[in-house]
Amino acid sequence: MRVHIVGGGLIGLSCAWRLRSAGHQVTVLDAAPQARAASWAAGGMLAPHHEALNHPEHHDHELWRLGCRSLARWRDLAAELGGSAQIDHREGGGVVPLRSPAVDASAARLAAAGVAVRALTAAELADREPALAAVPGGGWWLPGGQVDPRRCLERLAALCVAQGVAVRQAAVHGLQPGRVALADGTSLESDQVVLASGAWTPALAALAGIDLHGEPVKGQMLRFAVPDGLLAHFVHAPGTYLIPRAGQGVVVGATMVQAGFDQRDDPAAIARLAAGAQALVPALAGAAIAERWTGLRPRLRHGRPVLARLAPGLVLATGHFRNGILLAPATADAVLGLVEGRPDALIDCFAMPAEPGVAPERIMG
Ligand SMILES: Cc1cc2nc3c(=O)[nH]c(=O)nc-3n(C[C@H](O)[C@H](O)[C@H](O)COP(=O)(O)OP(=O)(O)OC[C@H]3O[C@@H](n4cnc5c(N)ncnc54)[C@H](O)[C@@H]3O)c2cc1C
């Protein structure tokens with residue numbers, strides 16, 4: 001089949017790679033010369049269990065199951081991208097430096113669902129992460145992984161091109177099933193259009209008459225330049241996370257602000273993030289901030305991605321919000337199934353919501 005993918009972020013490129021590997025003829029259209037949107041900005045944690053632990057009030061059982069499926073698929077994708085070292089893929093999990101009745105109850109539910117969570121005493125936590133400030137109550141270790149999203153984007157784009165995917169810089173200005181119109185007035189026909197344009201998808205979907213309520217959620221990030229080895233795992237604390245990144249130091253995130261498409265750095269948020277990170281890891285107190293940046297998380301109003309074939313010739317793969325790096329491999333598998341018309345009971349849970357403003361039933365796993 002001939003497939004046009006609108007959006008060359010990690011979701012669009014992962015779909016392109018999977019579709020091309022299955023023999024389809026794929027073109028990726030991205031408005032920017034280099035895709036530097038949410039995927040480029042992300043922290044890169046592959047952390048479905050940490051999300052469930054730290055946000056029990058938002059826990060969505062099916063999203064968690066999709067996250068578990070995708071976490072398992074990252075090992076294959078890392079191998080396809082040239083091996084873990086190429087993309088700083090790690091599978092060592094991450095620590096949560098916190099015990100509280102709510103966190104402990106979430107951890108117990110994850111354990112009951114078969115996740116190998118481990119409660120850590122203060123001494124065990126200090127043993128695993130000596131750079132952390134003392135946490136008298138101890139914390140948790142949960143399975144999970146991480147990647148460097150920027151290196152993933154570079155490797156995926158190179159792999160796609162090497163395997164015959166056409167990657168074009170082109171802004172899509174019009175859309176119908178099986179057809180996209182470009183800013184220069186040309187229009188391109190295909191068997192399927194896959195809409196994977198992140199925070200910009202609701203506006204593009206509207207061009208095809210699809211009412212997809214969504215608003216970007218801005219995240220401020222920064223990076224401390226410190227030698228490798230300060231942290232062994234990512235540290236997932238409420239409101240702040242720290243991710244060691246090979247050869248680059250420690251990445252710190254992230255704010256969650258609804259400010260439309262404003263991508264300016266926020267000095268006050270940078271100061272808060274830096275102070276939060278330094279309180280967790282005192283050795284960062286003297287470290288230089290080497291980089292600061294923002295990104296726009298693609299959030300739909302019902303809080304879930306939509307992975308669905310809306311009409312013959314139009315597939316949606318969008319709304320990955322806080323988890324698009326984690327969910328990229330499972331999304332690519334899902335899109336291949338949707339394009340080829342193969343049913344999948346879990347992916348059916350990510351159809352267009354009947355009422356986009358209504359949250360789905362949320363059940364803890
Ligand atoms: C600060 C921050 C931290 C995050 N941390 C994590 C994390 O630790 N783990 C995790 O799993 N997820 C994380 N996320 C979420 C994750 O980054 C996103 O869910 C994911 O990157 C979305 O990917 P995407 O390809 O859909 O969108 P994007 O990466 O935003 O790509 C969309 C692409 O569409 C293109 N486009 C837009 N309009 C058009 C048009 N008209 N024509 C052609 N192209 C167009 C854009 O140029 C862009 O390249 C984070 C996000 C942010 C912002």
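Which residues does Ile5 touch, not counting residues up to four places away in sequence? In this model, which is a predicted one, Ile5 touches Gly12, Cys15, Ala16, Val26, Val28, Leu29, Val194 and Ala196. For the protein chain, residues 24 or more positions apart account for 75% of the contacts with a separation of 6 or more.

Ile5 also belongs to the largest nonpolar core, which has 105 residues. Ile5, Val6, Cys15, Ala16, Val194, Leu242 and Ala317 are the members that touch the most other members. Helix 4, residues 61-80, gives the most to this core, with eight residues. The core draws at least three residues from each of domain 1 and domain 2.

Now the chain as a whole. The protein chain has twelve helices and 19 strands. Along its principal axes, the C-alpha trace spans about 60 × 40 × 40 Å. A compact globule of 365 residues would have a radius of gyration near 21 Å, and this chain has 20 Å, so the two agree. Of the 365 residues, 49% are buried.

Next, the domains. The domain assignment gives domain 1, which is 1-93 + 145-213 + 302-365, and domain 2, which is 214-300. The centres of the two domains, taken over C-alpha atoms, are separated by 24 Å. Where they meet, 32 residues of domain 1 are in contact with 25 residues of domain 2. On the domain 1 side, helix 2, helix 3 (48-54) and helix 9 (201-207) each supply at least two residues. Helix 2 gives the most to that side, with three residues. By class, that side has 13 nonpolar, 15 polar and four charged residues.

Then the ligand. Why does the ligand lie between the two domains? Domain 1 and domain 2 both give residues to the shell around the ligand, so the ligand lies between them. There are 44 residues around the ligand, and Gly9, Gly198, Gly219, Gly295 and Gly324 come nearest. The elements that give two or more residues to this shell are helix 1 (10-21), strand 2 (25-30), helix 2 (38-41), strand 13 (214-225) and strand 17 (288-300). Strand 17 provides the largest share, four residues. The shell divides into 25 nonpolar, 16 polar and three charged residues.

Start with Leu273, which sits in helix 10. Is Leu273 buried or exposed? Leu273 has 24 other C-beta atoms within 10 Å, so Leu273 is buried. Leaving out residues up to four places away in sequence, Leu273 touches Gln220, Leu222, Thr240 and Val252. The C-alpha atoms of Leu273 and Tyr241 are separated by 9.1 Å, and these two residues are 32 residues apart along the chain.

For contrast, take Arg36, in the loop between strand 2 and helix 2. Arg36 has 14 other C-beta atoms within 10 Å, so Arg36 is partly exposed. Arg36 and Cys349 are 313 residues apart in sequence, and their C-alpha atoms are 29 Å apart in space.

Last, some backbone geometry. Most residues other than glycine have a negative phi, and most peptide bonds are trans. Asp88 has a phi near 50°, a positive value in a residue other than glycine. Asp88 is in the loop between helix 5 (84-87) and strand 4 (94-96). Asp88 has 21 C-beta neighbours inside 10 Å, so Asp88 counts as buried.

Phe321 is not a glycine either, and its phi is positive, at about 45°. Phe321 is found in the loop between strand 19 (314-318) and helix 11 (328-340). Phe321 counts as buried because it has 21 C-beta neighbours inside 10 Å.

From Gly253 to Ala254 the bond is cis, with omega near -20°. Ala254 lies in the loop between strand 16 (249-253) and helix 10 (267-280).

Note on methods. Residues are numbered from 1 along each chain as its sequence is written. This is a predicted model: local features need pLDDT of at least 70, side-chain atom pairs count only at pLDDT 80 or more; totals for chains, interfaces and linings use all residues. A residue is near a molecule or strand if its C-beta atom, placed from the backbone, lies within 6 Å of it. Ala, Val, Leu, Ile, Met, Phe, Trp, Tyr, Cys and Pro count as nonpolar, Asp, Glu, Lys and Arg as charged, and the others, Gly among them, as polar. Domain bounds come from an automatic or database domain assignment. A nonpolar core is a set of buried Ala, Val, Leu, Ile, Met, Phe, Trp, Tyr and Cys residues joined through C-beta atoms within 7 Å. A residue is buried if 20 or more other C-beta atoms lie within 10 Å of its own, exposed if 12 or fewer, and partly exposed in between; C-beta atoms are placed from the backbone. Two residues are in contact if their C-beta atoms, placed from the backbone, lie within 7 Å. The radius of gyration is taken over C-alpha atoms; the globule rule is 2.2 Å times the number of residues to the power 0.38.
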